[in-house]
Amino acid sequence: MDARSALLKEIQAEDFALYETALYLNGHPTCRSALSYYCQHKNTVKALRERYEELYGPLTLYGNSSESCWHWVDAPWPWEKEGN
């Protein structure tokens, strides 16, 4: 597995943790440990997304940071494998 794929896999794992924790918090909104866990993973995935976009370009259409160029179409889509 190349570095790009590995980083994308990390992002997916963190996103999964966030969604599952959000579902738990919907039923247990006063659980401090769950909220702490959510915040920890939210910060982690934010940093991972920033690193991915720095190295490989926008991960989502919201990741386009340029006001002069639309970079979303410059590289293969995040879900496409290069060389196929």
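## Ground rules

Being a prediction, the model has its local features taken at pLDDT of at least 70 and side-chain atom pairs at pLDDT 80 or more, while totals for chains, interfaces and linings use all residues. Numbering runs from 1 along each chain as its sequence is written, and side-chain values use heavy atoms, leaving out hydrogens and water.

## The overall picture

The protein chain has 2 helices and 0 strands; these are DSSP runs numbered from the N terminus (helices are H or I, at least four residues; strands are E, at least two). Of its 84 residues, 26% count as buried, that is, under 20% relative accessible area, with exposed being over 50% and partly exposed in between (1.4 Å probe, protein chains only).

The chain exposes about 6,400 Å², with carbon and sulfur atoms supplying 54% of that (Shrake-Rupley areas, 1.4 Å probe; for residues, only the protein chains shown count as cover).

## Helix 2

Just past the end of helix 2, G57 takes a positive phi of about 100°.

## Cysteines

Looking for cysteine sulfur pairs within 2.5 Å turns up 0 disulfides. C31 is partly exposed at 21% relative accessibility, and C39 is partly exposed at 36%.
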